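Please look through the sequence and the structure shown below before reading on. The briefing that follows goes through aromatic rings, a barrel, a core and charges, topic by topic.

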Number of protein chains: 2
Amino acid sequence: MLNQLKNIIFCFSLSLITFSSFATDGYELWLRYKKIENEELLKQYSNLINGITTYGDSETIKIISNEIINSLKYLLGNDIRIKGTATENNSLLIGSIQNMPKDVLTNIVSLYGQINDEGYIIKRILLNHKHYIIITGKTDIGVLYGTFCFLKQLQLQKSIINIEIVDSPKLDIRVLNHWDNLDRTIERGYAGFSLWNWQKLPEYIDPRYIDYARANASVGINGTVLTSVNANALVLTPSYLNKVKSLANVFRPYGIKVYLTARFSAPIEIGGLKTADPLDNEVINWWKNKAKEIYEMIPDFGGFLVKANSEGQPGPQDYDRNHVDGANMLANALTPYGGIVMWRAFVYSEHDSTDRAKQAFTEFVPHDGEFRDNVLIQVKNGPIDFQPREPFHPMFGAMPDTPIMMEFQITQEYLGFSTHLVYLPKLFQEVLEADTYKKGKGSTVAKVIDGSLNKNKITGMAGVSNIGTDINWTGHPFLQANWYGFGRLAWDPYLDSEDIADEWLRQTFSNDIHFVEPIKKMMMKSRETVVNYMTPLGLHHIMDTDHHYGPGPWVSNLSRPEWNPVYYHRTDSLGIGFDRTPTGSNATSQYAPEVAEMFNNLNTCPENYLLWFHHLSWDYKLKNGNSLWDGIALKYQEGVDQVKNMITTWNSMENYVDELQFKEVQMLLNIQYKEAKWWRDACLLYFQQFSGKELPESVEKPSKSLEYFQSLKFPYAPGIKPKW
Amino acid sequence: MLNQLKNIIFCFSLSLITFSSFATDGYELWLRYKKIENEELLKQYSNLINGITTYGDSETIKIISNEIINSLKYLLGNDIRIKGTATENNSLLIGSIQNMPKDVLTNIVSLYGQINDEGYIIKRILLNHKHYIIITGKTDIGVLYGTFCFLKQLQLQKSIINIEIVDSPKLDIRVLNHWDNLDRTIERGYAGFSLWNWQKLPEYIDPRYIDYARANASVGINGTVLTSVNANALVLTPSYLNKVKSLANVFRPYGIKVYLTARFSAPIEIGGLKTADPLDNEVINWWKNKAKEIYEMIPDFGGFLVKANSEGQPGPQDYDRNHVDGANMLANALTPYGGIVMWRAFVYSEHDSTDRAKQAFTEFVPHDGEFRDNVLIQVKNGPIDFQPREPFHPMFGAMPDTPIMMEFQITQEYLGFSTHLVYLPKLFQEVLEADTYKKGKGSTVAKVIDGSLNKNKITGMAGVSNIGTDINWTGHPFLQANWYGFGRLAWDPYLDSEDIADEWLRQTFSNDIHFVEPIKKMMMKSRETVVNYMTPLGLHHIMDTDHHYGPGPWVSNLSRPEWNPVYYHRTDSLGIGFDRTPTGSNATSQYAPEVAEMFNNLNTCPENYLLWFHHLSWDYKLKNGNSLWDGIALKYQEGVDQVKNMITTWNSMENYVDELQFKEVQMLLNIQYKEAKWWRDACLLYFQQFSGKELPESVEKPSKSLEYFQSLKFPYAPGIKPKW
């Protein structure tokens, strides 16, 4: 009878892979702690970590204990027997300098000077004929960072025999900005909805809050702005503050401070005042009392992030005051408690007809030195708005007496939402390495940001979060790398993005060099890829309106000229591009003379920025000999081809990752490929109307008409306020 | 030196519990497949399941293979060695009757007649001196149901030596209704946001879609309406249908059909027609073509769910047609493809000043027998709207020539959102067991629903889903039981809710009797508890407006009278309650005379429904001798006390569940307790204004004033359309 069997399944060939609820779902992020497969290393680790002793009894120390114990269980496997106390050889000793026994620290006293309050020292020492690995720092938070660093060494399968790592964060404020609304929608969020379940707070602590804090601490992020810059005053009312307090309590032992966005008109909306004029005494007192109220609930509250007089938000200019008046008033309210104000420079006025790229500089730079000590001006990386590529913002280095903090966008508002694999630390690094020349050659943006160029007392970097309720946090498994990389660069803006990609890949997926090397290359190319298929050669802001999903170079009917893509590409039958040289808007004059000259001069202007700074004829000859028209078309095609190559690369990686992860990334790359072609076809068809030229032969013919692309509507694209 | 040690951690005391990302997060639902702890049973299972053979090669069979192999690995542990083929003794043979070897089936041929196409047979047989366990059915879907049933026996730790289970679903259509909007908000959703990621569909298949289908199949749910009854026509456009197709492809092998809500005005909104008149030829053709288009993409598309002429939704009455005209027109369009129309009876008109409870009956019953064969009328369990307790809807049994399907609400719009532990199958059972007397005693609602009372050709039950993107699916771990229980009752409306609680608890948490018994009792009492602290003695619809969060008995300013709580409780200085007897609205006349008489007569009217049917003086004597005022107050207090008891019960369960789960439920019960007191205090303070009486001594004094409770505002309560 059994000849009729069609499927015989033997249980020794069991596989969990297709059993999705048990498979790797990405929730663990880079903290996977996979069992060490290298037998030699496993033996080394097991030998050198023979017992664990922690010193101190803070919540943070308890977290450290849990983290190290549980991770070692996973990393070293169930078979490893760890026993003994610190008196035994090869113990791991963990605690702050003040809590550690003095004799243990003898060997490392000389290193104290190299770390700040959040820094750490990891070192294997010999003492009384016994070896110990010490993880210490000046605070328990420093020790926590050290612990994560130590565990990273194991995940990266590095030898720890001679381990000695001394490190400190180079920036003070390392914050995520959540553009999360109180109804849990996220402006420009593409990975689900807000983690903050306001309805169930303060009583219900979602376990995910803890995992969020843990993940952030593991990369050194030390603050989180919970609410959107398009702020809602309600979050400053007692009932919401009570919920915020609950989150602050969860985050505190992970070294993470909570910040809120302050709606400038809150004194009117929730305070019952008639004005929000920053020089009005009642307003001043209202904010002072509000600060007092907040700090009574949250003693280590971080402070306020403010978007004022920008895109319809209220601000001091509504009362004929300026940014200094507004920022300082709030700063004064926070000063008694050590809070700070992060005042955004993202402003452009409908009453200012000059080039939008120039306006923030014009509004802010004259006020250099006028802000209170606890005010930072938060400046986006480029002068427009998080485009796939922008030149660095001219404000960097232009306000030596004002702390300027960086605002990067981790969420991909303009870079393909959460379906396009774009490795952003490459973009971040490009900006940080840009030379402002404000104090001569070598005045990089990183040096502005870390305060070294102008001796600023307070420094910071903000990243607009790409985190949401999706089980894998960021929608796309690879976009976890952008959260990770932001944290690493906020810790040290001089890190190399390729090194970051390497360590992220090894922790998240595999240490196998046959996986790491090709995929790292793919990641490193991915940013240029998105520039190519969206906005090559300095093009910018040609996405569709409102949701910013897909191409919309034709949009020209919005009420403010600078909202329209046609404002930015300025295409006509003669040519394309925005002249920002002295013959045009002269935006280049805001840069140091060396930089301005480089951008002004067609011979020295990098072609990456060509159409950002120049309006050129379709026949303009590029450095490779192609005409501008052909060059644009070929770049779009190159971007599409690069996505195709990404797919080919990924398809050969099936053996190195879980089947579920493999398929997930494969599906997402297919979307990216489809959308890259959409960008190419829509933009080229549109520009072709003006150039009147044929596409080069190697460029694929568009599959649909321009009218088709123009007809596409996406009323429910994520990340925008729903239409009802 | 080591005297200074403060914490010494030995790794043999490792615990994963506080390491939240590795702990049980509820994602697995009732399909946890925990290792069998009973050694004897483990041995039995291991002996009797010595090899697995599946017959057939459909996608469903592949799913069955994966499910059984993976679950056995977990249930029986890594140590169990399963080997061999079906030729071996004690093999598990799985496949449909048509694919199984004939000789194997010899012993069970006699059982074929007992099952329908979705039914299954599980039986241990002896054949040629060898034992086999057979899981079979007439279709692969039946086999899938049988497989889940078999695995349930193992999870419930039942002996399988003499296993023989023969079962079939008693209803045809067992569907979830998702009130999910295209922007992923969920109307009345309290467990996050919609699972359907329209943005990433059709290309990206979230692994969660598969787990959703798997969970539904495991309880016998065979359909899902993806979109809200307040429908959006866009989902019927090609681009969305392509996404729906993608979901349908995922769900199909799990036996789950996809349905959509049909917006009645779609021919105008997306079809460009000038009318949606169901008798207009262009409209008729538009829907015919739309059905054709859908079925070309989704050959097994289930059909349409329609909310028409209800709460502002368009419908046939906009064109002076009636429900029959509308439903039959759509039904005709679906007939060629076997699709059905589920036409909702939830209607009440602003132009009808009679008791809202009467209106659906009045509109629909006269049309009994006029609907096409593929139309079901979907009726909510009670005549108002999913209140904590309502009498059964008078339409049940009143339309013998029309298939009436049940609409239960699993999501707790009126029962505490996702923070109140309320076990709904108890409520469902109360309704199903209610006797309509429409064909004499014993004419239960269950018999109406399963078609046995009136020999209906098609039967069904719908549950408004409580599922969202929360990692544990339903927000509250215990509310998974309501999804589970709905599925079980849709399969068999005669099941006992206590048995369902028992099997759910054992699969989800523990088989330990010291856990199961007290927690089952707690669950069984939980529904009466919520009635007590929200709407005791027949009170109803006294929640706050719009979001329905918390009490609002004072609300009286809404534009339609029947939207106001005061319409329902009719409180004045003399008394409280809605007279629905012949001296009042005479709503009781819609019931069978026996039922009407029971409700009309104060001696026979169950006190559960007292104020639903009667307006009574504050001094009215309850059966226990208390005055009505005291009785109301004591019921509210009883509800609060019951929640307190739930907390006590749960707090003693720490040893039986994961620490994370334990704490999670504990936090949620604390919210429930807080809100139960809020309901008690707000309602009693409000009613006290009218009764002018003191609270009985055993009732706790309110902690705040009535004005305080009336001042509470919740603009961002979940489940409503955001205010911008």
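Predicted model: local features only at pLDDT ≥ 70, side-chain atom pairs only at ≥ 80, totals over all residues.

One aromatic cluster in chain A is formed by Tyr27(A), Trp30(A), Trp196(A), Tyr209(A), Tyr212(A), Phe251(A), Trp473(A), Trp483(A) and Tyr484(A).

**Aromatic pairs**

- Over all chains, the count of aromatic pairs comes to 95, and one of them is the edge-to-face pair of Tyr145(A) and Trp491(A), with 5.0 Å from centre to centre and 85° between the planes.
- Tyr145(A) belongs to helix α4 (residues 140-155) of chain A, while Trp491(A) belongs to helix α13 (residues 480-491) of chain A, so this pair ties together parts that are 346 residues apart in sequence.
- Tyr145(A) is buried, because its relative accessible area of 3% falls under the 20% cut-off, and Trp491(A) counts as buried as well, with a relative accessibility of 4%.
- Trp554(A) and Tyr686(A) also form an edge-to-face aromatic pair, for which the centres are 6.3 Å apart and the angle between the planes is 70°.
- This second pair links distant parts of the chain, 132 residues apart, since Trp554(A) is in the loop between α15 (513-534) and α16 (565-569) of chain A, and Tyr686(A) is in helix α20 (residues 659-691) of chain A.
- Trp554(A), at 16% relative accessibility, counts as buried, and Tyr686(A), at 6%, counts as buried too.

**The barrel**

- In chain A, 8 strands make a closed barrel with parallel pairing, in the order β7-β8-β9-β10-β11-β12-β13-β14, and neighbouring strands of this sheet are turned by 25° against each other on average, with direction ignored.
- Strand β13 (residues 404-409) and strand β14 (residues 460-464), both of chain A, run parallel and are joined by 4 bridges, and for Phe408(A) the bridge partner in β14(A) is Gly463(A).

**The nonpolar core**

- The largest nonpolar core has 466 residues, and among these Phe150(A) and Phe150(B) touch the most other members.
- When residues up to four places away in sequence are not counted, Phe150(A) touches Ile49(A), Ile68(A), Leu92(A), Ile122(A), Ile133(A), Ile135(A), Ile160(A) and Ile163(A).

**Charges over rings**

- In chain B, Lys200(B) lies over the face of Tyr204(B), at a distance of 5.4 Å from the ring centre.
- The charged end of Arg580(B) is placed over the ring of Phe578(B), at 3.7 Å from the centre of that ring.

Terms used:
Residues numbered from 1 in each chain as written. Chains lettered and ligands numbered in written order. Heavy atoms only, no water. Pairing = 2+ DSSP bridges. Helix = DSSP H or I, 4+ residues; strand = E, 2+ residues; numbered from the N terminus. Axes fitted to C-alpha atoms, helices over the stretch in contact; angles between N-to-C directions. Core = buried A, V, L, I, M, F, W, Y, C linked by side-chain atoms within 4.5 Å. Buried < 20%, exposed > 50% of the residue type's maximum accessible area, 1.4 Å probe, protein only. Contact = heavy atoms within 4.5 Å. Phe/Tyr/Trp six-rings, centres within 6.5 Å; stacked < 30°, edge-to-face > 60°. Lys NZ or Arg CZ within 6 Å of the ring centre and 35° of its normal.
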